[in-house]
Amino acid sequence: MKTPTLGHREFQAVIFFAPVLTLSGLQAVAQLGLATTSPPPHFVASRAAHETVWQRVEEPSRFGLSRERVSAYVELATGLNFFDETTQAWRPSREEWEVYPEAIVARWGQHQVVLATNLNLPGAVEVLTPDGVRLVSRPVSLGLYDPVDGKQMVIAELKDCVPVRGASANEIVFRDCFDRLRGSIRYLYTRAGVHQHVVLEQRLELPEGFSDQNRLECYTVFAADTPQPRITTRVLRGERDARLRALMVEPDFTDSEISFGESMAMRAGRAFSLGDEAQARSIRVGKQFSEIDGLPVLIEAVEFEQIEPLLARLAALERSGTGGLAIIQRGGSSGQRSRPGCRVSVFAQGSRRR
């Protein structure tokens, strides 16, 4: 697949003290031309990876005498600028996707991302980190996992799907991308990272035979040559009953920080509702980076018991026909709205700058 190469304003007053202040005296002052002028705009003095220095040089005149005055401030943000190899200079990062017939590209930042125009293809997602680590992956399915006895079930697999622009320039959505449930996957590109969100648009029913500790999982497969990341794991929730722990296949619900190279990492993810801001709440997402059938797989999980209230709310709004509009405004938002319906973003996970 051929892809593109990658103020403040200071007011001064001149006051004359005279023994007698007369109207004619005020007129004389006006004729001297002591009108205020707008200060010059700030200009970029220097750029670096995460900062831009803005300066302004003024030469205020008082009684015919001029003196230079320099004011400056520093703008700080993760990934604020990127180094352009062509011009050999730092340039401001842009949070936007460029859509081409053969690919969708985000290249105006310290990290570059290429999306295939069909997410159901090997290597559909490619990320190049600032320190040159290439990560090739694609989401493949959703499933259920019971940590009590290790039971697993695939409930939906990715199918052929096409991208559409989201509500802002930095959002791409693959709608109706699963074969057995209504849902979509969206990608957000920011100066600080790239985010993959799995969005569910219908309630899921828990099959018989699964315990109340069941987890909903999303599986993303990485290329075989993916470098081994640094992994730091913490326990989000553990079974405290010693007898039950001994009977469980996986008694602890854990989350891992997964670091690739020195510049980007996958940190804490959350599940939340997109359609009902009044009932807004978020749920922790646990991550594992494992090897399955010889390939690295990112497993993201939420406890079904925790997410069930969000899914139940979604189903209730669907039945009543009063599903809210999810208004997404990030980056250079165009103010457009996404399609109607209360939705749950289950796996809101991002790779962010360290």
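**Close-up views of a predicted model**

**View 1. Strand β18 and its antiparallel partners.** Over seven bridges, β18 and β24 pair in the antiparallel sense, and within this pairing C218 stands opposite E300 in β24. The model shown here and in the views that follow is a predicted one. Eight bridges join β18 to strand β12, which spans residues 134–145, and these two strands also run antiparallel; here G143 stands opposite E217 in β18. Seven of the eight residues of β18 are buried, so that the strand is mostly covered, where buried means under 20% relative accessible area. Strands of a sheet pair through backbone hydrogen bonds, in either a parallel or an antiparallel manner.

**View 2. The second largest cavity and its lining.** The volume of the second largest cavity is about 50 Å³, and its lining consists of R215, E217, E250, D252, F253, T254, G286, K287, Q288, I299 and A301. Two or more lining residues come from each of the elements β18 (215–222), β20 (252–260), β23 and β24 (295–303). Sorted by class, the lining of this cavity holds five charged residues, together with three nonpolar and three polar ones. Rolling a probe the size of a water molecule over the atoms shows where empty space is left.

**View 3. The surroundings of K287, one of the residues that line the second largest cavity.** K287 has its place in strand β23, which covers residues 282–292. Is K287 buried or exposed? With a relative accessibility of 0%, K287 counts as buried, because the cut-off for that class is under 20%. The side chain of K287 is joined to the side chain of D255 by a polar contact of 2.8 Å, and the side chain of K287 also reaches the backbone oxygen of R267, at 2.7 Å.

**View 4. An open sheet of three strands.** The strands of this open sheet are arranged in the order β1-β2-β5, and their pairing is antiparallel. Because β1 (43–48) and β5 (69–76) each have a single partner strand, they stand at the edges, and one side of each is left without a neighbour in the sheet. From one strand to the next, the twist averages 20°. Five bridges join β1 to β2, which is made up of residues 51–58, and the two strands run antiparallel; in this pairing V44 stands opposite W54 in β2.

Terms used:
Residues are numbered from 1 along each chain as its sequence is written. This is a predicted model: local features need pLDDT of at least 70, side-chain atom pairs count only at pLDDT 80 or more; totals for chains, interfaces and linings use all residues. Side-chain values use heavy atoms; hydrogens and water are left out. Two strands pair if DSSP finds at least two bridges between them. Helices (H or I, at least four residues) and strands (E, at least two) are DSSP runs, numbered from the N terminus. Axes are lines fitted to C-alpha atoms, for helices over the stretch in contact, and angles run from 0 to 180 degrees between N-to-C directions. Buried means under 20% relative accessible area, exposed over 50%, partly exposed in between (1.4 Å probe, protein chains only). A polar contact is a pair of N or O atoms within 3.5 Å; within protein, one must be able to donate a hydrogen and the other to accept it, and residues adjacent in sequence count only if both atoms are side-chain atoms. On a 1 Å grid over the protein atoms alone, a cavity is a set of points where a 1.4 Å probe fits but cannot get out, and a pocket is an open set with protein on both sides within 12 Å along at least five of seven lines; lining residues have an atom within 4 Å of a point. Grid points are joined across faces, edges and corners, and a volume is the space filled by probe spheres set on the points. Ala, Val, Leu, Ile, Met, Phe, Trp, Tyr, Cys and Pro count as nonpolar, Asp, Glu, Lys and Arg as charged, and the others, Gly among them, as polar.
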